Amino acid sequence: MKCTNCAREIEKGTGIMYVYRTGDISYYCSNKCMNNQLFLKRRTNRKLVVQPSKSTREKIKTAATAVKK
Ligand SMILES: [Zn+2]
């Protein structure tokens, strides 16, 4: 399963399963992620951080082709 906060893959036997009174379940890879999500209302979505925007991807592409020449 994946961490609810940072979307990182959690190994079996590690991490925290948090069950709400409503029956919803959240998984957290670490205490840091759990505290961020539950008490500090922070969300570190790694996918959003890692993926560059379309314009930056174009820039990277043109830079790579320029180097080849
Ligand atoms: Zn996490």
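The dialogue below goes through some features of a predicted model.

Me: What should I know about the numbering and the model before reading it?
Reply: Residues are numbered from 1 along each chain, as its sequence is written. The model is predicted, so local features need pLDDT of at least 70 and side-chain atom pairs count only at pLDDT 80 or more, while totals for chains, interfaces and linings use all residues.

Me: How many helices and strands does the chain have, and in what pattern?
Reply: Helices (H or I, at least four residues) and strands (E, at least two) are DSSP runs, numbered from the N terminus. Here there are 3 helices and 2 strands, and the pattern along the sequence is β-β-α-α-α.

Me: Which strands pair, and in what sense?
Reply: Two strands pair if DSSP finds at least two bridges between them. In this chain β1 (residues 16-19) and β2 (residues 25-28) are antiparallel, with 4 bridges. Val19 has Ile25 as its bridge partner in β2, and Met17 stands opposite Tyr27. The hairpin has 5 residues between the strands, and Gly23 takes a positive phi near 100 degrees there.

Me: Where else is there a positive phi, in a residue other than glycine?
Reply: At Ala7, with phi near 65 degrees. Ala7 is in the segment before β1.

Me: What decides whether a residue is buried or exposed?
Reply: The count of other C-beta atoms within 10 Å of its own decides: 20 or more is buried, 12 or fewer is exposed, and in between is partly exposed, with C-beta atoms placed from the backbone. Of the 69 residues of the chain, 12% count as buried. Ala7 is partly exposed because 16 other C-beta atoms lie within 10 Å.

Me: Why does Glu9 count as exposed?
Reply: Glu9 counts as exposed because it has 9 C-beta neighbours inside 10 Å. Glu9 is in the segment before β1. Its C-alpha is 9.6 Å from that of Tyr28, 19 residues apart in sequence.

Me: Where is Arg42, and why is it exposed?
Reply: Arg42 is in the loop between α1 (31-38) and α2 (46-50). Arg42 is exposed because 12 other C-beta atoms lie within 10 Å. Arg42 and Asn5, 37 residues apart in sequence, have C-alpha atoms 8.4 Å apart.

Me: Which residues make up the largest nonpolar core?
Reply: In soluble globular proteins, nonpolar side chains tend to be buried together. A nonpolar core is a set of buried Ala, Val, Leu, Ile, Met, Phe, Trp, Tyr and Cys residues joined through C-beta atoms within 7 Å. The largest one here has 5 residues: Cys3, Cys6, Tyr28, Cys29 and Cys33.

Me: What share of the contacts joins residues 24 or more positions apart?
Reply: Among contacts in the chain with a separation of 6 or more, the share is 44%.

Notes
Two residues are in contact if their C-beta atoms, placed from the backbone, lie within 7 Å.
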